[in-house]
Amino acid sequence: VSDQKPLGCWSVKQDQTITCPAVCNFETGEYIAVHDNKVLRIWKDEDVNLDKVFKATLTAEVYRIHSLPYTEPLVLFKGGAVRTLDALLAAPQQEIENVISDEVIRWSEAFMETQQPVLIFTTEKNGNYFVYVQKVNPNILHKYKLKQEESHPLSFTAYTKNKILTLLCLYSNGCVYKILMSLQQSVPEEEQILSKSLLLKIVVSDTVLKGASLAILDIDHVAVLGCLDSPPNTAKECLSIWNTKFQTLQTSKELPQGTSGQLWCYGEKFFLTHGKVLTVIVYKCETSSLAAAVGKLKDTQTSGMRTVSSYVNWNMLQEEDLASPRTQQSVTAKTESKRTLRSRRNNVAKVQRDTLTVEQLLSDIKDSSQNDIEEELRQFLSNAQMSDFQATVGYVITGLVNRCKTEPTFYPRNCLVQLIQTQGLSYSLCPDLMAVALEKTDVHLLQLCLQQFPDVPEAVTCACLRAFLSINDDSLQGTNVNLDSVISYIDITPNDQVEKKSETVQNGFSSELMEDSCDVQLTQKSHVMNTEELCPVGPQKAALLNAVLHSAYSETFLLPHLKDLSAQQVVLFLRYLQYLYIKCSEKVSMNFPGMRSPTINQIMDWMCLLLDAHFTVVVMLPEAKGLLFSLHKFVRAQVRFHSELNKIEGSLQELQRIKHQKDFGLYSIEMLELV
């Protein structure tokens, strides 16, 4: 989700229908899904075709599969029976009993309580709602009934604590009810009617809630996704966060494109469908207090706490769309203001305060000088011990970037570098940061972003590549650029024409031997470097280009932006990639030492991408003819070299099978005859 990249896609046949959401088995790392109600499929990441993976046909229809850590997944059938996955796979054709009669399952969830799995599901029959609690070990089933109301339940959610199961029910009249059930009962009892207490009322009179979902955020906050239908037919779908302790609305966001009514929460992120995209919204619940709940902290002025919404285009998972990337809607990242900062800088309190809060820092960022902000940020980061550090750093850097956009003379470069080096940021937390750095041509900041951010969009990566290639090497002299990725193959001392000492070729490779056989001496005489052995760019530019080579990308989305490079930039980049390829091939390991140095696979992938995007242009350019001929000659020499290695592969394998019977000590010379 952070990288906004598709990792895998599997499809069933055209006449088949997936009828149960897929889950991951935590114990085996396998995926499990059900199609056509009874056909169970199990597969792994490396599997491509679902039709060829494990298949088991069951005797009853499956409602849901629930996966829990440290235990086998639980399979809930539409008839109310529960089986562990391993017991089901041991005998797929076993008879499955019906626990419920003429009832339809509406919702289910599984938990781990005292290291034992517990499954809860609700059913409906003729307007009556029932709750079932299933313990697996030992096998105990409890049945309860919800008291009938004029309104009906729309959504359920639950959690367990201290052997007490708490069920929250959202009704169509906008009321959220709380129901407590004990998990300590060891003997099944007769059907009981559950008593419920009103936890929250979220709508006014004459308003009906439709298609809603309820999610628990923490002990005092819940999230509600739904459609409020009030006269005269002004239905509005929105996502809202409510404080159940003080019965107040904390924040709300309208969703004009509509939703499916489904809401998921994981790792302080909302997942919901909005129109045709999956929307991911980062949220943060403040500590519950009456002042915060009613918005009566020191300042009620609305400003900058933000959530980040990442929109992922489902269409990019379709194989037919991957063939035509120009027709796809680009993956975008949008920020939406959600939070209200209720404190502002107070000059009197500023002298007295001991610890700088994020609200005070954000307020000071708006109008303080760069030196003051640097000092306050240093103090804030040195004392920062918070669980939501990543989100807090995102708020701070967003505030700095917003001021940079409104005040062209304001550019706190040291602050931005310091925040990036905390390693708590990503592109999606502050998408405008790299745009500002590109506008200021801050190559050091761009290098840090490419090295630290895992989710830089392909369009921004190509914009950085264009900027790096267009900068003159002389202007980069003295620039603060990290050269760790180039020191293993570029002499950073400014001496272009140096004599190459006699060296031993490590990998049997020599640019002079491309057309000849391998039957030559591996020690070369001194000679002056030719143009292919000189790096076509300076060390600073090489380090910047290496940051681009290391960035994550999806080939489908990268290719259209690579076509924006000019012909001169393409040729220069290809010359640098050729230089890297030759240098890599001289190494025994086929890779440069160091963590940020480019790998042989990255070099080859980018070279192929460039040629794919600009092949016609490169072929027509006279200055690129020699480059293409050199690349062709080099690749042909490598193919011949590996072909020779393949010829002696059998002999090398025979050497590995020879067992030495004697201990020859620390040093020996042994003659082996290969037949």
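Over how many bridges do β6 and strand β7 (residues 82-84) pair, and in which sense? In this predicted model, β6 and β7 pair in the antiparallel sense, over 3 bridges. Within that pairing, Leu 74 stands opposite Thr 84 of β7. The two strands form a hairpin with 4 residues between them. The turn contains Gly 80, whose phi is positive, at about 95°.

Strand β6 (residues 74-77) also has a partner in strand β5 (residues 62-66): these two pair in the antiparallel sense over 4 bridges. Here the bridge partner of Arg 64 is Leu 76 in β6. The side chains of β6 can be sorted by direction. Leu 74 and Leu 76 point one way from the strand, while Val 75 and Phe 77 point the other way, and all are buried.

Arg 64 has a second contact to look at. Arg 64 lies over the face of Tyr 63, at 4.6 Å from the ring centre.

Next come contacts between rings. A pair of aromatic rings is described by the distance of the centres and the angle of the planes. The structure holds 11 aromatic pairs. One of them joins Phe 270 and Tyr 283, with 4.4 Å from centre to centre and 25° between the planes, and this pair is stacked. Phe 270 belongs to strand β22 (residues 269-274) and Tyr 283 to the loop between β23 (277-282) and α2 (290-293), so the pair ties together parts that are 13 residues apart in sequence. Both Phe 270 and Tyr 283 are buried.

The rings of Tyr 581 and Phe 634 are arranged in another way. Their centres are 4.9 Å apart and their planes stand at 75°, so this pair is edge-to-face. The pair links distant parts of the chain, since Tyr 581 is in helix α15 (residues 567-585) and Phe 634 in helix α17 (residues 625-647), 53 residues apart. Are these two residues buried or exposed? Tyr 581 counts as buried because its relative accessibility is 11%, and the cut-off for buried is under 20%. Phe 634 is buried as well, with a relative accessible area of 1%. Elsewhere, ring pairs link Trp 10, Tyr 31 and Trp 43 into a cluster.

Burial can also be followed along a whole helix. Helix α5 (residues 358-365) is mostly covered, with 7 of its 8 residues buried. Among the buried residues are Val 358, Leu 361, Leu 362 and Ile 365, and the list also includes Gln 360, Ser 363 and Asp 364.

The backbone has some points of its own to check. Most residues other than glycine have a negative phi, and most peptide bonds are trans. Which peptide bond is cis? The bond from Asn 137 to Pro 138 is cis, with omega near 5°. Pro 138 is placed in the loop between β10 (128-135) and β11 (140-146).

Positive phi values are found at Gln 247 and at Thr 441. For Gln 247, phi is near 60°, and the residue lies in the loop between β19 (236-243) and β20 (248-254). Gln 247 is partly exposed, with a relative accessible area of 40%. For Thr 441, phi is near 55°, and the residue lies in the loop between α9 (433-440) and α10 (443-452). Thr 441 is partly exposed too, with a relative accessible area of 47%.

Definitions and conventions: Residues are numbered from 1 along each chain as its sequence is written. This is a predicted model: local features need pLDDT of at least 70, side-chain atom pairs count only at pLDDT 80 or more; totals for chains, interfaces and linings use all residues. Side-chain values use heavy atoms; hydrogens and water are left out. Buried means under 20% relative accessible area, exposed over 50%, partly exposed in between (1.4 Å probe, protein chains only). Rings of Phe, Tyr and Trp (its six-membered ring) pair if their centres lie within 6.5 Å; planes under 30 degrees apart count as stacked, over 60 as edge-to-face and the rest as tilted. A charge sits over a ring if NZ of Lys or CZ of Arg is within 6 Å of the ring centre and within 35 degrees of the ring normal. Two strands pair if DSSP finds at least two bridges between them.
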